[in-house]
Amino acid sequence: MTTTIADASMRPSRPAPFRLGIEAAAYDFPGERQDIVDWGPQHTLPAKRIEAICKSGCRYFHAAHEIDEVELAKRAVARLQAETGFKAADIGALFHVHTQQFSTPAAPRSLPLEVAGAFGIKPFWVGSLAQLNCSSIGGAIRMAEALMNVHAEMQSVLIVSSDRVYGERFRLRQLSGIQSDGAACLLVTRNTRRNRIGALILRNYGRWYLGSDTNSAVEREMINLEWHYTRKVMQEAVAGCGIALSDFSCILPHNSDHKGWNSICNAMAIPHASLYPDNILQKGHACCSDLAVNLVDIGLDKVDAGGHLMSITQSNSGAFSALTLHPADEHAIN
């Protein structure tokens with residue numbers, strides 16, 4: 001994690017109790033949607049592997065061959081600004097999260113600072129998080145809350161995610177998914193009346209730090225245990241927010257492995273109608289951006305209509321998270 005302090009004169013102050021919510025989200029996927037069935041033979045991939053990935057519920061994705069990570073991130077933030085009209089002066093911090101270690105420009109360039117500069121944002125705190133891979137988005141939300149706990153004048157935090165695959169042979173995720181290039185952003189706001197975050201559970205199992213993509217021993221362990229740990233963070237989120245699992249009308253998955261999500265719904269007695277897996281098929285797995293993508297396409301509207309939502313992430317390096325989002329209500333501020 002890297003940090004840059006833009007205004008060292010800002011002094012901590014103790015804030016009044018507040019709730020944290022997600023005011024808005026946006027995303028941008030480059031180019032035309034591609035079909036893995038057409039793409040596979042172009043890269044001499046075995047037909048059985050393509051067939052297995054399609055059976056896992058995946059098929060379509062986007063690729064950014066001519067667009068770099070910074071431009072992708074700027075496009076996502078531009079969409080957010082066009083849709084919400086957020087003011088640069090309201091953004092107190094900007095976080096950049098990513099999974100691919102090369103999805104950031106080489107020093108001395110800084111993706112979050114370049115994004116901030118492009119939109120006239122002069123944040124007190126700027127930083128990047130990547131160590132939790134796809135679950136880094138949960139770490140950024142946790143850090144946004146921590147900063148607001150210290151700085152009462154900080155009203156909103158912009159979280160930007162951006163990832164690209166470097167080398168098409170790394171686009172496939174074992175036999176369960178395909179990675180899509182893209183970027184997204186969340187506007188996390190103090191006391192927003194749109195919704196409130198109820199629980200955010202983040203767990204990291206350090207023994208898997210090498211990742212499952214290139215380490216066969218880690219891959220074998222994760223195949224056996226990743227759904228066990230997914231179930232654990234979901235159960236902890238239920239306990240943390242005080243809402244029964246049966247009362248969640250919207251379960252947003254990590255956009256990979258539809259078969260696995262069906263299995264966990266069966267194991268936890270979750271109605272399949274509560275699971276929204278469409279983006280597993282339609283957009284693929286966009287690493288840290290999955291949360292924002294799913295919120296834009298269906299999640300925020302579900303909460304606006306009075307529903308309770310849970311979003312889950314899994315990472316190939318042993319990090320898991322579960323976030324719950326609920327309709328805003330005054331008594332939640334305590």
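This is a predicted model: local features need pLDDT of at least 70, side-chain atom pairs count only at pLDDT 80 or more; totals for chains, interfaces and linings use all residues.
**Entry 1: ground rules.** I number residues from 1 along each chain as its sequence is written, and for side-chain values I use heavy atoms, with hydrogens and water left out. My helices (H or I, at least four residues) and strands (E, at least two) are DSSP runs, numbered from the N terminus.

**Entry 2: α3 against α4.** I looked up how helix α3 (residues 69-84) lies relative to helix α4 (residues 111-118), and found that their axes come within 10 Å and cross at roughly 40°. Axes here are lines fitted to C-alpha atoms, for helices over the stretch in contact, and angles run from 0 to 180 degrees between N-to-C directions. The two helices are therefore oblique to each other, given that angles under 35 degrees count as roughly parallel, over 145 as roughly antiparallel, 65 to 115 as roughly perpendicular and the rest as oblique. I then listed the residues in contact (heavy atoms within 4.5 Å): Glu69, Val70, Ala73, Lys74 and Val77 of α3 meet Leu111, Glu114, Val115 and Ala118 of α4. By class, this contact has 6 nonpolar, no polar and 3 charged residues, where Ala, Val, Leu, Ile, Met, Phe, Trp, Tyr, Cys and Pro count as nonpolar, Asp, Glu, Lys and Arg as charged, and the others, Gly among them, as polar.

Entry 3: Strand β5 (residues 91-97) is mostly covered, with 7 of its 7 residues buried; buried means under 20% relative accessible area, exposed over 50%, and partly exposed in between (1.4 Å probe, protein chains only). I count two strands as paired if DSSP finds at least two bridges between them. β5 pairs with strand β7 (residues 156-163) in the parallel sense over 6 bridges, and phenylalanine 95 stands opposite isoleucine 159 in β7. β5 is also joined by 5 bridges to strand β6 (residues 125-129), again in parallel, with valine 97 opposite leucine 129.

**Entry 4: the open sheet.** I traced 4 strands in the order β11-β14-β13-β12, which form an open sheet of mixed pairing. Its edge strands are β11 (195-204) and β12 (248-252), each pairing on one side only, and the twist averages 15° from one strand to the next. β12 and β13 run parallel over 4 bridges, with isoleucine 251 opposite methionine 310, whereas β13 and β14 are antiparallel and joined by 6 bridges. In the latter pair, serine 311 has leucine 323 as its bridge partner, and glutamine 314 has phenylalanine 320. In β13, His308, Met310, Ile312 and Gln314 point one way and Leu309, Ser311 and Thr313 the other, all of them buried. Helix α5 (residues 136-150) lies across β11, β13 and β14 and runs at about 125° to β11.

Entry 5: Is asparagine 316 buried or exposed? Asparagine 316, in the loop between β13 (308-314) and β14 (319-327), counts as buried because its relative accessibility is 9%.
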